[in-house]
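I opened my notebook to go through this model piece by piece. Here is what I looked up, in the order I got to it.

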Amino acid sequence: MLFSSFIFVLFLAIVLPVYYLLSHRLQNLWLLLASYVFYGYWDWRFLSLLALSTAVDYLLARGMEAAPDPRRRKVLVALSVVVNLGILGFFKYFNFFVGSAAIALESMGMEPNLPFLQLVLPVGISFYTFQSMAYTIDVYRGIQPATRDPISFALYVAYFPQLVAGPIERATRLLPQIQKPRVVTQDQWNSGAQLILWGYVKKVVIADGLAPYADAAFSVPESQSGLMLWLGLYCFALQIYCDFAGYSDIARGVSRLMGIELMENFRQPYFSRNITEFWRRWHISLSTWLRDYLYIPLGGNRGGPTRQYRNLMITMLFGGLWHGAAWTFVIWGALHGLYLGVHKYLTGGRKIGQETSPDTPLGWLSYLANTLVTFHLVCLTWIFFRASTLSDAWNYLGGMLAGVFSLFLNGELISGAAPTLVFCAVLVFLLDFGPWLSGKETPLSSRVPWWARGMAYALGLILLAYMREPAGEVFLYFQF
Amino acid sequence: MPRPAPAAWLALGLFLAARFLLLPFSDALLLIPEQDADSLYNAAEAQHRLSIQPSPRVIILGTSRLGILSPDCVAEQWGISTQEVANFSIAGNNFWRSALLFRRNPELLDRVDAIILDIFPFQLYTSILFTEEDPFFLRLASIEDRWMVRDPLARFKAFSDLAVPLWSERHNLVGWLQAPTLLRPTPRERSGTFLRLIQDPGSAREPGATDKPERNPQAQDKSSGYAPPPVISQIQVQALRKLIDLMPEGCKLFLVWLPVREDFDAALRQDAALHASYTQFRQHLEELDSPAVESVWLDNPQGTLVARSGFVDEVHYTRQGIATVCTLLGEALRPALDRGALPGVPRS
């Protein structure tokens, strides 16, 4: 069920009050039941897949802990990886690889007759398989003890706020919170409710409001003007950010209402000065997962710059493929790998320190220039991310480049896209600038007078009630 | 258990205040609905409010099939002046929209002698043309209408929407920017502005319904759209009853089954699905027991009433076809006129 659906509101209205009345052990059971109901609402058949992944990793982790022989432990963790990636690979990538093989064989003059399967992609499979796999790898590494509580582990994998679109949690963070009793403080309730409100504004008002214009631009790029292609790209850039970040905020807010803290997944990524900073702020749970379980095991930045660039590229290619079974996603990942490699080269491989906000006018000017360049570099990759095919992506890019000159020459009328984009960009700025500056997670800190906060919340509610495109806009990341 | 903070209470209070403030402006902020039938309803209403004759004697409230029926032709058939005839036919019209028109504009019934509705199976059923979750329905439904919503969740939504208009009064930004143009002091001025807006292709349309059955505006099989599966909508059933109750004394409601093209006429009898849809519909209407209602069934087997050349498709008419229909209507309703059912209309 979508977070922005009526049925989810009803679901929460049942789950939360009952949760507050239960003891800790029963709370976990209740949440597990609710999570399976939540997931099964989409398609009950895939509950078996979720249960399978959970059972396999629980047993393998227990097996690893009971096995003193390192080789046996290695076999067990490899089995976990194979099973999880196997499930993911089968449902998500089977037809992609078969299709790509068929094209390759055809180009060699053969006439392959390879089987294609009618597969339904289980919602959230990329998220929960990664989360479950991370647990067994951490047990193997000795970072995380294998849990002996199947209910807690099952809840760790299936926890409904983050089950289908992240954040991809780590067992070291989430399991202890599940296993120990929880008390929801007034502060958690207030901040959780705030996160939920702004998350909905991002998703329902901004992302859904921009979606029609982005869709119009990307659906038939060759019939759009250059200006519309630029506008459509900016619309998509904000749409995907607010869609995903909004979802994450709602997930974190809902979870906080139950006393469980989920990791921050987005930290104002479009305020980044460079691509390295961007990846510290965008889809943080995935980027850190890739860093810890792929980049570092590959060697990370050890072994010289060439090796580092190679490792970066492999990691980002994998990251691209994670998003979808299509060459457009691979190109998207490759571009980011290229950007990161170039940035590493330009900075001489030195470690980029903690980012701070500028404190001089020149500093602000430099910051603004760097941010705009970074934003546009990222936007270039969004073309490939959003386009249906590579051909569409090239058409889009070509249309935009040709349209650069027509931006200033033609008297293009302001369409619905322009005012909506400006309005949404202002909203994004208002929601993100404060947190970027202060490092806090929400735009209104407790130092703001209560009546001012009340008015801002009221505005959020009014925007939600009165400004909305038709529902049915799925959370974009559900398709992953 | 945690309690909402003072800021939350203030937010809720301000939100409810905004809600109540916008409530009386619901009509003024009624932009162009996404569904054609709804926007045409608004246009029909606006047209009525601009009319020099707000209380006609004969009202044609058909579907798109009677949209091209000229008031002149009807007036001539019945020997009354053209100004006494008003045509509010709306594409996709149904009993609920018809009752709505009279509920919101009761002056229409002050002098009326006859109301002619052309009837079709889709009007009685839940289909893509009407669901209980259409924003238009949620905005304008009465309390009684909302109680009649069949699905419990949809009914809950229908009532929730009264408090928080999450489905009925959402506008995109362009729509909100357009809304102030409709804030005119009188309904007449708003109607004029609305009619100008609806003719402008650049005007923003409201978002459509949530959870709507998949629409196929270019339905390959239009037949199944005209006569969908017989899932009776209690809202439509109640609306038809309401329509009958609204009839002033002496006024007659004519439910007229107009001729369809001969191949479609045959399909309605031979195709199992279409036949079920048609039969249940006809049975329901024939069982209506009210002196204010008269059903007229102008079947057209082998094109005996209207030849194939009189149709542009299975159900809609050419100019020649509608002229024939007008004559047929006059003849079909003549017996009622001669019985003195309509005292204001001259007998033959």
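**Entry 1: a salt bridge in chain B.** I began with D113(B) and R57(B), whose side chains form a salt bridge with an N to O distance of 3.1 Å. D113(B) sits in the loop between α4 (95-104) and β3 (114-118) of chain B, and R57(B) in the loop between α2 (36-50) and β1 (58-60) of chain B, so this pair ties together parts that are 56 residues apart in sequence. I also checked burial: D113(B) is buried, and R57(B) is buried too. A reminder to myself that this is a predicted model.

Entry 2: Buried or exposed? I found R308(B) partly exposed, at 45% relative accessible area, and D263(B) partly exposed as well, at 34%.

In chain A I looked at E261(A) and R256(A), which meet in a salt bridge at 3.0 Å, N to O. Here E261(A) is partly exposed, with a relative accessible area of 24%, whereas R256(A) counts as buried because its relative accessibility is 6%, under the 20% limit.

Entry 3: I listed 14 helices and five strands for chain B. Of its 348 residues, 55% count as buried. Among contacts in chain B with a separation of 6 or more, 79% come from residues 24 or more positions apart.

I then picked V296(B), in strand β5 (residues 293-297) of chain B. V296(B) is buried, with a relative accessible area of 10%. What does V296(B) contact, leaving aside neighbours within four places in sequence? I wrote down F254(B), L255(B), V256(B), W257(B), A332(B) and L333(B). The C-alpha atoms of V296(B) and I119(B) are 9.7 Å apart, though 177 residues separate them along the chain.

**Entry 4: the cores.** The largest nonpolar core has 144 residues, and F8(A), F160(A), Y270(A) and W382(A) touch the most other members. Helix α10 (residues 226-256) of chain A gives the most to this core, 18 residues. Beyond residues up to four places away in sequence, F160(A) touches several partners, including F8(A), F11(A), L12(A) and M258(A). I found a second, separate core of 58 residues, which includes F130(B), V237(B), M247(B) and V315(B).

**Entry 5: where the chains meet.** I counted 31 residues of chain A in contact with 32 residues of chain B. The area buried between the chains is about 2,700 Å², and carbon and sulfur atoms give 76% of that. F6(A), Y466(A) and R468(A) supply 29% of the area that chain A buries against chain B, more than any other three residues. Between chain A and chain B I found zero salt bridges, but two residue pairs in polar contact. On the side of chain A that touches chain B, α18(A) gives the largest share, 12 residues. The residues on that side divide into 22 nonpolar, six polar and three charged.

Terms used
Residues numbered from 1 in each chain as written. Chains lettered and ligands numbered in written order. Predicted model: local features only at pLDDT ≥ 70, side-chain atom pairs only at ≥ 80, totals over all residues. Heavy atoms only, no water. Contact = heavy atoms within 4.5 Å. Buried area = accessible area lost by both parts, 1.4 Å probe. Salt bridge = Lys/Arg side-chain N within 4 Å of Asp/Glu carboxyl O. Polar contact = N/O pair within 3.5 Å; in protein donor to acceptor, adjacent residues only side chain to side chain. Helix = DSSP H or I, 4+ residues; strand = E, 2+ residues; numbered from the N terminus. Nonpolar A, V, L, I, M, F, W, Y, C, P; charged D, E, K, R; others polar. Core = buried A, V, L, I, M, F, W, Y, C linked by side-chain atoms within 4.5 Å. Buried < 20%, exposed > 50% of the residue type's maximum accessible area, 1.4 Å probe, protein only.
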